[in-house]
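Student: I would like to learn how to read a model like this one. Can we go through it feature by feature?

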Amino acid sequence: QFTNNIGYFSMYFDVSHLDKDELHYYNLLAEIYANIGTDKTSFENLSRKININTGGIYFSTPSMDIFGQTDEYYPKLKISSKAVYDKLPIMFDLIKEILFETNFDDKQRILEILKNIKTKMESQFISNGHSIAFRRLKSHFSECSAFDEFLDGIPYYNFVSDLLKNYDDKFAMILNNLIKVSEKIINKNQKIFIAKNTKLFI
C-alpha cells in the first residue's frame, strides 16, 4: 500500500533464545532504546532528529500467538517507524545508531527511565485494576498470556522496584546485563523479519 509518499517500516528481532532471567532486561531494553541518547548524540538532539525526519521510532515487545493455540507463541523485539520517501535513508541511519550506539553508561538517564516505568505502572494499577486482574486470570489459561504477564505485569513491576533499591550499588550489574541482552538480540546471526510497504525497501 502507498500512502502520501510515506514509507512504513517494521523490524522484528526474535528473542525466544533469551533465558528467563534475561526477559525483564529485554523489556527494559525497549524502554531504554526509546528514551536515551547514543555515544555521539544526546537524547535531546536525537529526539529532535527523529521528530524532524520521521513519524517517530518506536520499540515494543509483542508476543505473537497462533489463533486457537494456547501453548505456542513467538516473542519479538519490534522496531517500527515511518518517513516520507526522501527521508527513509535518514530514518534507517537513526535506527542503526540507536541499535548499535546506545549510551548504556548514562546512569542518571537510566535511573529516570526506571522511575518513570515504576510511576506509570503504579498509575495503571490504580486506574485499571480490573484489567490487571483479568490479565492475571488469562495467564492461567494461555502460555502467551502467561508470558505477557511475566514480561510486563506485576513481576516486571517487582523487577523494576528491586533495581531502584540501592541503585548506585546495582548499576554495574544493570549495565552488564543490558549490554549482554542487547548483544544477544542485535547480532548478525539473529532471525529478523522485516515488513514494509514500499518498493524502495526491496
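Tutor: Start with α7, whose buried residues are Tyr156, Tyr157, Phe159, Val160, Ser161 and Leu163. Buried means under 20% relative accessible area, exposed over 50%, and partly exposed in between (1.4 Å probe, protein chains only). This is a predicted model: local features need pLDDT of at least 70, side-chain atom pairs count only at pLDDT 80 or more, and totals for chains, interfaces and linings use all residues. Residues are numbered from 1 along each chain as its sequence is written, and side-chain values use heavy atoms, with hydrogens and water left out.

Student: Which elements do the buried residues of α7 pack against?

Tutor: They pack against α1, α4, α6 and α8 (167-185). Helices (H or I, at least four residues) and strands (E, at least two) are DSSP runs, numbered from the N terminus. Just after α7, asparagine 166 has a positive phi of about 55°.

Student: What does leucine 164 touch?

Tutor: Contact means heavy atoms within 4.5 Å. Leucine 164 belongs to helix α7. Not counting residues up to four places away in sequence, leucine 164 touches Leu111, Leu114, Lys115 and Lys118.

Student: Is isoleucine 174 buried or exposed?

Tutor: Isoleucine 174 counts as buried because its relative accessibility is 0%. Helix α8 holds this residue. Leaving aside neighbours within four places in sequence, isoleucine 174 is in contact with Tyr25, Leu163 and Tyr167. From isoleucine 174 to tyrosine 25 is 149 residues in sequence, but 8.5 Å in space, C-alpha to C-alpha.

Student: And lysine 76: buried or exposed?

Tutor: Lysine 76 has a relative accessible area of 17%, so it is buried. Strand β4 (residues 73-84) contains lysine 76. Among the residues that lysine 76 touches, not counting those up to four places away in sequence, are Tyr12, Asp14, Tyr26, Ser60 and Met64.

Student: How much space lies in the largest pocket?

Tutor: On a 1 Å grid over the protein atoms alone, a pocket is an open set of points with protein on both sides within 12 Å along at least five of seven lines; lining residues have an atom within 4 Å of a point. Here the largest pocket has about 270 Å³ of space. Its lining has 20 residues, and Asn27, Glu31, Met121, Asp152 and Tyr156 lie nearest the centre. Elements giving two or more residues to this lining include α1 (23-34), α4 (107-127) and α7 (154-164). With five residues, α4 gives the most.

Student: What is the whole chain like?

Tutor: The chain has eight helices and five strands. In sequence order the pattern is β-α-α-β-β-β-α-α-α-α-α-α-β. Of its 202 residues, 42% are buried. Among contacts with a separation of 6 or more, 79% join residues 24 or more positions apart.

Student: Which element has the lowest mean pLDDT?

Tutor: pLDDT is the predictor's confidence in each residue, from 0 to 100. Helix α5 has the lowest mean among the elements (62), and helix α2 (residues 43-53) the highest (97). The chain mean is 86, and 81% of residues reach 70 or more. Over residues 198-202, pLDDT stays under 50. Where pLDDT is low, the predicted coordinates should not be read in detail.

Definitions and conventions. 1 Å grid on protein atoms, 1.4 Å probe; cavity = no way out; pocket = protein on both sides within 12 Å on 5 of 7 lines; lining within 4 Å. Points joined across faces, edges and corners; volume = space filled by probe spheres on them.
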